[in-house]
Amino acid sequence: MMDRFCAPGLAMAGALAAAMVLVLLVPANAPAQAAPPAASKTPAAAWNKKTPDGHPDLQGFWSSQTTAPLERDPNCGTKEFWTEEEMAKGTRTCARPDAPAVTGQRGRGGAPGAAGGQRGRGQRSNGEVDPHYDTAQFGLNIRTMAANNRTSLIIGPEGRIPPLTPFGQERQAELAKQRTSFDSAQDRALTERCIVWNAQGPPLMSPGYNSNLQIVQSDGYVMVLPEMMQDARIIPQKPRGALSEKVHLWSGDSQGRWDGDTFVVETKNFNGKNPFQRVGSEKMKLTERFKRINENTLIYEFTVDDPVWTKPWTVQVPWAKSQGPMFEYACHEGNYGMADILSGARAEEKKAAEAAKKAK
């Protein structure tokens, strides 16, 4: 697994020393350490704070962590929301206690289902998160998150990723072959090589831990910085000349605009090398919506329109206000384990060749 080799904040000794000095000057990064505030039945005041240019102020540190699964448990049918009673009981499945477990798409490492997608990292079908090596070690078992009573992050009566088209099925099979190649370091996954992280998007998905983001607004631009990999995405607030269809970028070409109090971002020109849900293509058209509801909540919504799926589908995630600063997530290129990964593959090949020679 990639995460065996990546660890947040483990950089060079000099960077570590600098971080120690920084701790003395600024408050600790609370998102991974402070428990979320208790839910209040008193609705928070509507957000009306503006930036100097007159647009809603989206700025601050946010957590995208959530207990809702990406896809709805099939047993829930068209049930989109849990009741207050179900939420109080911690209900996360519609299956009867005596019913067999539902086998569906799982997190990374699991085989994709018919729809071709996968849940968030380590996320089970009932919304729980699988144990992770650094969850308790770094205090990440206590996370800031917004209340979410949806049965799935995918909105609408189906609550599931649409089926793949023939084009999507072909692409999924080809990408699966690439992920099993150990011929060279260049053949390994981009996340494993610390080049790009699947969840950093766009669209932005919770990676399961280090699920924090920072938004900064300036005259004409909105900057979104995810904690994982920390690639700053700078989005213009007004549409500009679109790129040629021949130009393809890792994060696509984003065009921003304001629709009332909602910041709408339309992105095209992806290069398809960091496929969304391990199957998305360079033909994907993405529409994101950022709307701050109150002091502590921002609604992030995105619609994916990609010919790998039979129809567009939409995800909605409430982000909870968290506390900064965010420290560096130092993912080391090669992760020290690359030599072992490739030498292991060579050892397996040698073993197979020797067995074949003996069989002759």
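**Entry 1: C194**

I looked up C194 and found that this residue is buried, with a relative accessible area of 10%. Buried means under 20% relative accessible area, exposed means over 50%, and partly exposed lies in between (1.4 Å probe, protein chains only). C194 sits in the loop between α3 and β2. Helices (H or I, at least four residues) and strands (E, at least two) are DSSP runs, numbered from the N terminus. I noted a positive phi of about 60 degrees for C194, although this residue is not a glycine. Most residues other than glycine have a negative phi.

I am working on a predicted model, in which local features need pLDDT of at least 70 and side-chain atom pairs count only at pLDDT 80 or more, while totals for chains, interfaces and linings use all residues. Residues are numbered from 1 along each chain as its sequence is written, and side-chain values use heavy atoms, with hydrogens and water left out.

**Entry 2: the whole chain**

I counted four helices and nine strands in the chain. Read from the N terminus, the order is α-β-α-α-β-β-β-β-β-β-β-β-α. Of the 360 residues, 44% are buried. The chain exposes about 19,000 Å², and carbon and sulfur atoms supply 56% of that area. Accessible areas come from the Shrake-Rupley method with a 1.4 Å probe; for residues, only the protein chains shown count as cover. I also looked at contacts, meaning heavy atoms within 4.5 Å. Among contacts with a separation of 6 or more, 65% are between residues 24 or more positions apart.

**Entry 3: cis peptide bonds**

I noted a cis bond between P202 and P203, with omega about 5 degrees. P203 belongs to the loop between α3 (166-179) and β2 (212-218). The bond from G324 to P325 is cis too, with omega near 0 degrees. P325 lies in the loop between β9 (313-322) and α4 (338-359). Most peptide bonds are trans.

**Entry 4: strand β5 and its partner**

How many of the seven residues of β5 are buried? I found five of the seven, so strand β5 (residues 253-259) is mostly covered. β5 and β6 run antiparallel and are joined by seven bridges. Two strands pair if DSSP finds at least two bridges between them. Q255 faces E266 of β6 across the pairing. The hairpin of β5 and β6 has two residues between the strands, and G260 in this hairpin has a positive phi near 65 degrees.

I then picked S254, a residue of β5. S254 is buried at a relative accessible area of 7%. Its side chain makes a polar contact of 3.0 Å with the side chain of R233. A polar contact is a pair of N or O atoms within 3.5 Å; within protein, one must be able to donate a hydrogen and the other to accept it, and residues adjacent in sequence count only if both atoms are side-chain atoms. A polar contact of 2.8 Å links the side chains of S254 and T267. Leaving aside neighbours within four places in sequence, S254 touches several residues, including I235, P236, R240 and V265.

**Entry 5: the loop between β6 and β7**

I looked up S281 in the loop between β6 (262-268) and β7 (285-294). Is S281 buried or exposed? S281 counts as buried, at 3% relative accessibility. A polar atom of the S281 side chain lies 3.1 Å from the backbone nitrogen of K283. Not counting residues up to four places away in sequence, S281 touches F167, R171, F270, G272, D306, P307 and V308.

R278 lies in the loop between β6 and β7. R278 is partly exposed, at 22% relative accessibility. R278 has a positive phi near 60 degrees and is not a glycine.

**Entry 6: I155**

I155 is in the loop between α2 (84-89) and α3. I155 is partly exposed, at a relative accessible area of 27%. I checked I155 against W313: they are 158 residues apart in sequence and 8.0 Å apart in space, C-alpha to C-alpha. Leaving out residues up to four places away in sequence, I155 touches E80, R150, E301, T314 and Q316.

**Entry 7: a surface patch**

Which residues form a nonpolar patch on the surface? I found L243, V247 and L249, with about 190 Å² of accessible area together. Patches are made of residues with over 30% relative accessible area and no salt bridge; like charges are joined within 9 Å, and nonpolar side chains (Val, Leu, Ile, Met, Phe, Trp, Tyr) within 5 Å. A salt bridge is a side-chain nitrogen of Lys or Arg within 4 Å of a carboxyl oxygen of Asp or Glu. L243 lies in the loop between β4 (233-236) and β5. L243 is partly exposed, at a relative accessible area of 34%.
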